[in-house]
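The following note sets out some points for a colleague who is about to examine the structure. Please read the points alongside the sequence and the model.

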Amino acid sequence: MNITGLLITIAVAFLITVLLSPIFIPFLRRLKFGQSIREEGPESHQKKTGTPTMGGIMIVFSIMITSLIMGSRVGGGINYELWLLLFVLFGYGILGFLDDYIKVVKKRNLGLTSMQKLIGQIIIALVFYFVLRGQDFPTDIAIPGTSVQFDLGWFYAILIIVMLVGASNAVNLTDGLDGLLAGTAAIAFGAYAIIAWYGVPNDMVTVFALAVVGALLGFLVFNAHPAKVFMGDTGSLALGGVIAAIAILLKLEILLVIIGGVFVIETLSVIIQVISYKTTGKRIFKMSPLHHHYELTGWSEWRVVTTFWLAGLLFAILAIYIEVGM
């Protein structure tokens, strides 16, 4: 795939999202699909109550259309890998949609129960695994930057479940400030696009990853502070699921920890906070996930977001260097 094709892929996804948003956002307002802000969150966030959510529908739609259009133009046409990525995107997107829908209809900040969401995530991950095994997909994993490999055998199914469920939840936790997730995710998917194009050649993954980048950049036009729309769980769960799926298809499972460094840190901050509070009765952070801690220390929302974007960029550069040696 040449550079022109790469740029066209980003542009198509960007334009679909940008052109769709001015139509879809007022539609969400008319349906009163507004975000409910949790009461225990930062006080400054209460003014965001009522901002249209479920904007992830636009992201998912843009990615799917762009991937199908551009994927069909690649030599050999669309293969099972792209269909798998679209399946994970759509599957986790539906889970997120149900979660968002329950929230906005019942006007509360809790949608699906944790168990309902977990069961859905595991089922999608298992389907993903069995399709891969039907294609004789290797079950080994490699340590980044080395030639060391381990064959996990049947345990690879557990790894896939952990990766898809863990990544979707980690990305979901990062979606808490205007533009935070859209920006960090665009950087992470951009890193995978570079690796899939230059380091571990895979045209379908490259097309898909670039479609995600374009869709997220288009979404940022309306999601940057002050946000006119939120992606909701519809977008965050879908993005988390497919970033793990990309890591698996490229056989760069462990590298996901680096490329998704911001998501990992956000998740760890929640785990540390919970463990500390339950064992000592004290909180390590003013609030978790970590982005709220910085807000409560006096940082502006925009400062937190740009700092996390920079951190995501540094993680992405490190990952590209390890895998591609640029």
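1. The crossing of α3 and α8 is right-handed. Please bear in mind that the model is a predicted one.

2. Geometry of that pair. Helix α3 covers residues 80–106 and helix α8 covers residues 232–249; the two pack with their axes 7 Å apart, at an angle of about 155°. Angles over 145 degrees count as roughly antiparallel, so α3 is roughly antiparallel to α8.

3. Residues in that contact. By class, the contact of α3 with α8 comprises 12 nonpolar, five polar and five charged residues.

4. Helix α2 (residues 56–71) and helix α7 (residues 203–223) cross at roughly 145°, and their axes come within 8 Å. The crossing of α2 and α7 is right-handed. Among the residues that make the contact are Met58, Ile59, Ile63 and Met70 of α2, together with Val207, Phe208, Leu216 and Phe219 of α7. The contact of α2 with α7 has 12 nonpolar and four polar residues, and no charged residues.

5. Overall fold. The chain contains 12 helices and two strands. Along the sequence, these elements follow the pattern α-α-α-α-β-β-α-α-α-α-α-α-α-α. The radius of gyration is 19 Å, close to the 20 Å given by the globule rule for 326 residues, so the chain is as compact as a globular protein of that length. Its C-alpha atoms fill a box of roughly 50 × 50 × 35 Å along the principal axes.

6. Of the 326 residues, 53% count as buried. Where contacts join residues at least 6 apart in sequence, 75% of them link residues at least 24 apart.

7. Val213. This residue is placed in helix α7. Is Val213 buried or exposed? With a relative accessibility of 9%, Val213 counts as buried. Leaving aside neighbours within four places in sequence, Val213 is in contact with Ala186, Phe189 and Gly190. Val213 and Val88 are 125 residues apart in sequence, and their C-alpha atoms are 17 Å apart in space.

8. Backbone features to inspect. Most residues other than glycine have a negative phi, and most peptide bonds are trans. The following cases deserve a look for that reason.

9. Cis peptide bonds. The bond from His225 to Pro226 is cis, with omega near -5°, and Pro226 is found in the loop between α7 and α8. The bond from Ser288 to Pro289 is also cis, with omega near 0°. Pro289 sits in the loop between α10 (261–280) and α11 (290–296).

10. Positive phi values. Met54, although not a glycine, has a positive phi of about 70°. Met54 lies in the loop between α1 (3–30) and α2 and, at 0% relative accessibility, counts as buried. Asp136, likewise not a glycine, has a positive phi of about 55°. Asp136 is found in the loop between α4 (114–134) and β1 (140–142), and Asp136 is exposed, with a relative accessible area of 66%.

Terms used:
Residues numbered from 1 in each chain as written. Predicted model: local features only at pLDDT ≥ 70, side-chain atom pairs only at ≥ 80, totals over all residues. Heavy atoms only, no water. Axes fitted to C-alpha atoms, helices over the stretch in contact; angles between N-to-C directions. Helix = DSSP H or I, 4+ residues; strand = E, 2+ residues; numbered from the N terminus. Parallel < 35°, antiparallel > 145°, perpendicular 65-115°, else oblique. Left-handed = near helix turned anticlockwise from the far one by under 90°. Nonpolar A, V, L, I, M, F, W, Y, C, P; charged D, E, K, R; others polar. Rg over C-alpha atoms; globule rule 2.2 N^0.38 Å. Buried < 20%, exposed > 50% of the residue type's maximum accessible area, 1.4 Å probe, protein only. Contact = heavy atoms within 4.5 Å.
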